[in-house]
Amino acid sequence: MKRKAHVSKSTYRAILSIQKSRDEPSGLFISDRFFQPEKEHNPHHLLWFLADVFLLSCLMGGLMVLFFAGFSVPVSLWVFPGLLFLCIGTTALFHSSWCLRHRLATGITLLILYLFLLFLCQDAFFTGVRQFAALAGETLNRTYNGEQDLAAAAGGDEAGIFLMLASIPVMLWLGVSLFQKNSFLMAGLLLFPLLALLALCGAADHVTALFLMLLGIVLSMAFTGPKRQHRMWGGANRQLKKENQIRFQSVQKKSAAIMLSAFLLLSVPGFFLVRPLLSVSLKPARQVSLEIQGRFLTKMMKLLPQISAGEWNLNAEAIGGGVQDGAIDSREGYLLEEVEDLRLTLSTKPKETIFLKGHIGTVYENGAWENHYGTTFDGAAMNWNTEGSPRLYIQNLPFLRTAYALAQGESEDPDVASAMSVFSVEPAEILVERINANDTYTYLPYGTYLNDYYEVNLGDGAVAGQSEQEDRFYFFFREDMEKILSVWNALEDTGNVLDRVEESYRAFCETNHQTDCPGMDTLQKEVEDVIAKNRWSADQDFDEITSWIRQYLAKNYQYQLKPESVPEGRDALKYFLFETKSGNSVHFGSAAVVLYRMFGIPARYVVGYEIPESLFSVQPDGTYTAVVQGDNAQAWAEIYIPGIGWTPEDMTPGVIGTYEEVGPGGERIGVSGEESSETETEADTGTQEAAADSEDEDSLRSGFGGLYFKQYSVEEIITVLMYIGLGVLLVTGLICSGRFFCRTFGYDPFHRYSREQCLVFIFQSFYARMRRLGLPRNADSQSEAFLLFCEAELNRRCPEAVSLLRPSVDKLYRSCFGEKPVSKSDISVMRRILRASYRTASRPGR
């Protein structure tokens, strides 16, 4: 029969302050003490089990939906019931007391069972790996406009089986993190890299899955918030241990339930509040995101050929790297650096910048330059008396006319022979090896001759890409071709078929390549005023018009490699010309085409590669090679010069390249100031200043909401962040070290703790020190064995401190469980005992 003992207040204090002794006033023998709750907690094992299953299901369900939906993996009816069954089994495993007591045996058993399961399903597993790899490759191609040829993913459930089998280790890791280690950091070490990988692959865009993942992460943070204090709960078989375990689970689940309720209550209004903000363009975040994705693509484009013996190549469109289509807005572009796109080999030393044409656009509509003149060209070419394919004939026309003019050096006509015999020019040979460049196009220089193997798209448009990765061409350098054809055009009545075809094609270009963009009346009026003032003619004043356009663009617009995206519903070209006035070569090339057409000069938009002659290096066999990277991609305008053909004009500030080589400011190389007109001199000076201002402004600022910040490269940003991180770690380490020292020796500079707490901190450090010196693990700090062990260790290190030990320990317990106050001298004495324990022990026998 149990009886309640009614004790006085003084007797209750004695019970708290004395252990394993008799209290004389009450006659009670105190064997142990712990706090007994007034109301016992109901463990609710089934409820807690279901809560753990729900948490694990949120995380795994969201992750699996991202993989299935992001990579277009076929979903069978058994997938999600099977996933729920795995979540239930994993939760039951970590709720089993036998598995928790025999962790090593449990781990080995699970490993054997998992390997046995893989053995049974090995055919489906490896087939699923191949299917999933094909689906992942298709997703990468779709996300980054890749051109990698991949084996078609066969239908079936094998990819789903692979994902289910691969999810088992992930599920066990989360179970260990959340249910055993109670560590959200451990779970995040797996979850966040997976989410980052899915985001980079373009597979993390499923709203429901992201909502489940967010819910699971929030619940995990609340779930792992309460900390276990096993050392203060007592032994495994003690009632105190069991009660503390029940209380911990109660606090843990209640905190998760509160967080779940708050999450659900805030998610509905939060959706309507946050959703309008999703349409806001976060320019700095978007630029950083594009740079990160560009870095990822760069590494992937380098890594894939290395690990696949050259069989895998990821060809991606890029802005500021790589050749894309005619779209102006760079919303979907990525900055790819140090990626080898092409490798060029020239038979002779280059004399000028090499322009390799890729995409050619003739009509601007819906924010992109396209070519819609295929049918029109074919109909007109039927009357030109061309041999073979009219498209190839027109493509080869500059080369054929130059070669024919050179051959007339041996003409029977003395005037023709005298004029052309002064030229001793041979066509150069170029080998273009495609590595990572977009294989939609064949990249060829101006003045190239193509055989019947090649196909020209849409009349006089771009040359279609070939399955072969090497193209060998013969071509004339633009400088030589212009000199030869200029002399040839000056001769009277040459009267050959090639010249008549050139005249017919010139008329076609003047008719079809001068279409202006509507809605630019202000700019058109400005151009008309310039024409009227200077009395320029579109047939003769090419140099003056080109100089004016270069000056106009450099003075009124600034170069920016990664311009802001065009808002929805806005025209990209007009947005650049009349609002932002900040863009890259795509925008400057487009603007130049529009301005040339306003002056009455036929012009087209071209995207390709611009390779300066300094990039070529001589080889032992006498050839010259150059490796063309993605950042050599460029957009420019090309104009039709009568009697010569299409000629490139790059109007990007600071870039060299026109049909006659010009400097960064637009000045003609080799033309003195005396020979230039006053208009040209003023234009050159203004252009140089504008280009320098544009360059300075671009390097010093990036507009955002009226504020301007200096632009840094990704390497500089990463370096600064690394130094900041190291500084934060250093300061954090110093703070933690100082806090540990103060807590260990009971110092309280900020007066956060009472004297009793400081005394307990010092005693805890002393107890930990004795443990390191050999004190048994379960030694009671109030037992005689503990005191004898401590006295023996102190006697070896500082005999003077032995006499202070017992009074100090007694003072500690009486101050903590009684009413006796703690003085500063009590703290100093306990600190002296702790310091004495760290002294060097004397050897036995001395």
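Which residue in strand 10 is the bridge partner of Ile 430? Phe 473 is that partner.

## Basis of the model

This is a predicted model, where local features need pLDDT of at least 70, side-chain atom pairs count only at pLDDT 80 or more, and totals for chains, interfaces and linings use all residues. Residues are numbered from 1 along each chain as its sequence is written, and side-chain values use heavy atoms, with hydrogens and water left out.

Six strands form an open sheet in the order 9-10-7-3-15-14, with antiparallel pairing. Strand 9 (448-449) and strand 14 (617-618) are the edges; each has a single partner strand, so one side of each lacks a neighbour in the sheet. Strands are DSSP runs (E, at least two residues), numbered from the N terminus. Two strands pair if DSSP finds at least two bridges between them.

Strand 7 (residues 428-434) pairs with strand 10 (residues 470-475) in the antiparallel sense, over six bridges.

## A buried lysine

Lys 357 sits in strand 4 (residues 354-361). Lys 357 is buried but has no salt bridge. Buried means under 20% relative accessible area (1.4 Å probe, protein chains only). A salt bridge needs a side-chain nitrogen of Lys or Arg within 4 Å of a carboxyl oxygen of Asp or Glu. The nearest side chain of opposite charge is Glu 638, 4.7 Å away.

Contacts of Lys 357 (heavy atoms within 4.5 Å), leaving out residues up to four places away in sequence, include Gln 395, Tyr 443, Trp 636 and Glu 638.

## Cysteines

The structure has zero disulfides. A disulfide is a pair of cysteine sulfur atoms within 2.5 Å. Cys 758 counts as buried at 6% relative accessibility. Cys 798 is also buried, at 5%.

Note on methods
Helices (H or I, at least four residues) and strands (E, at least two) are DSSP runs, numbered from the N terminus. Buried means under 20% relative accessible area, exposed over 50%, partly exposed in between (1.4 Å probe, protein chains only). Lys and Arg count as positive and Asp and Glu as negative; His and the chain ends are not counted.
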